[in-house]
Amino acid sequence: MTKEADVLKLKVAKPVTAGTYANIFDFCMGRCRHSSASVVHENAYLSDFHHCFLVQQNSSAGSTESNFGSRLDGINVILGRQGESCSSACRAKGQSCVPSRLSELNKCQILQKYMRCKNGCFPSLGPDQPAEVVDEAPKNLNPGACLYMQMDDRLTCDGSHQHTRRLCPCA
């Protein structure tokens with residue numbers, strides 16, 4: 001969807017002496033390598049699945065994995081079965097869902113750590129989040145995508161959807 005005429009005019013860097021991109025592929029490659037949504041520590045891709053031009057991520061963008069680890073101390077992160085709520089997934093393991101920790105899992109960086117998220121990570125509204133849409137879901141539901149809720153106060157352990165698998169905090 002990027003227009004070649006616009007790309008060829010763009011500077012590679014801010015200095016006046018910087019060159020321009022030779023073609024759309026070089027532009028996309030450069031944007032991916034230099035986007036904070038695609039890389040971590042400026043020298044490694046954020047995920048094994050190299051996604052460029054991700055939808056703007058939620059508040060997890062500036063956090064580090066070590067910060068998340070301490071917030072999840074004592075929590076077992078469990079991937080529920082398709083259509084299963086976190087309450088049910090935790091109960092099946094002899095534990096309870098911890099609603100106050102759902103917000104820690106409701107971040108693209110965490111979803112990508114535990115799930116494939118092969119079709120990206122997107123904000124969404126629904127009681128079944130954070131979750132991944134199963135591969136067998138209808139195409140209009142974006143199979144393989146991870147979903148997070150932009151409003152943490154609406155997160156619940158009881159939500160479920162027939163075409164998603166939830167990421168659950170259990171203890």
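By disulfide I mean a pair of cysteine sulfur atoms within 2.5 Å. This is a predicted model, where local features need pLDDT of at least 70 and side-chain atom pairs count only at pLDDT 80 or more, while totals for chains, interfaces and linings use all residues. Residues are numbered from 1 along each chain as its sequence is written, and side-chain values use heavy atoms, leaving out hydrogens and water.

Back to the bond. The torsion about the S-S bond of C86 and C168 is about -80 degrees, so this disulfide is left-handed. The pair links distant parts of the chain, 82 residues apart: C86 sits in helix α4, residues 86-92, and C168 in strand β7, residues 164-170. Helices (H or I, at least four residues) and strands (E, at least two) are DSSP runs, numbered from the N terminus. Both C86 and C168 are buried. Buried is under 20% relative accessible area, exposed is over 50%, and partly exposed is in between, with a 1.4 Å probe and protein chains only.

A search of the whole structure finds five disulfides. I will go through two others.

The next one is between C90 and C170, with the sulfur atoms 1.8 Å apart. C90 lies in helix α4 and C170 in strand β7, so this pair ties together parts that are 80 residues apart in sequence. The link of C90 and C170 is left-handed, with -75 degrees about the S-S bond. C90 counts as buried because its relative accessibility is 0%. C170 counts as buried, also because of a relative accessibility of 0%.

Then there is the disulfide that joins C97 to C157, S to S 2.0 Å. C97 is in the loop between α4 and α5 (102-105), and C157 is in the loop between β6 (146-149) and β7, so the pair ties together parts 60 residues apart in sequence. The link of C97 and C157 has -70 degrees about the S-S bond and is left-handed. C97, at 14% relative accessibility, counts as buried. C157 counts as buried at 8%.

What is C170 in contact with, leaving aside its neighbours within four places in sequence? The list is G74, I75, N76, I78, C90, Q95, S96 and V98, where contact means heavy atoms within 4.5 Å. The C-alpha atoms of C170 and N76 are separated by 5.0 Å, although the two residues are 94 apart along the chain.

Now the cores. A nonpolar core here is a set of buried Ala, Val, Leu, Ile, Met, Phe, Trp, Tyr and Cys residues joined through side-chain atoms within 4.5 Å. The largest has 13 residues, and those with the most contacts inside it are L111, M115, C121, C146 and L167. Helix α6 (108-114) and strand β6 each supply at least two residues of this core. The most comes from α6, with three residues. Another core lies apart from it, with eleven residues, among them A89, L102, M149 and C157.

Last, the chain overall. There are six helices and seven strands, in the order α-α-β-β-α-β-α-α-α-β-β-β-β along the sequence. Of the 171 residues, 41% count as buried. Among contacts with a separation of 6 or more, 63% are between residues 24 or more positions apart. The chain exposes about 9,900 Å², of which carbon and sulfur atoms supply 50%; accessible areas come from the Shrake-Rupley method with a 1.4 Å probe, and for residues only the protein chains shown count as cover.
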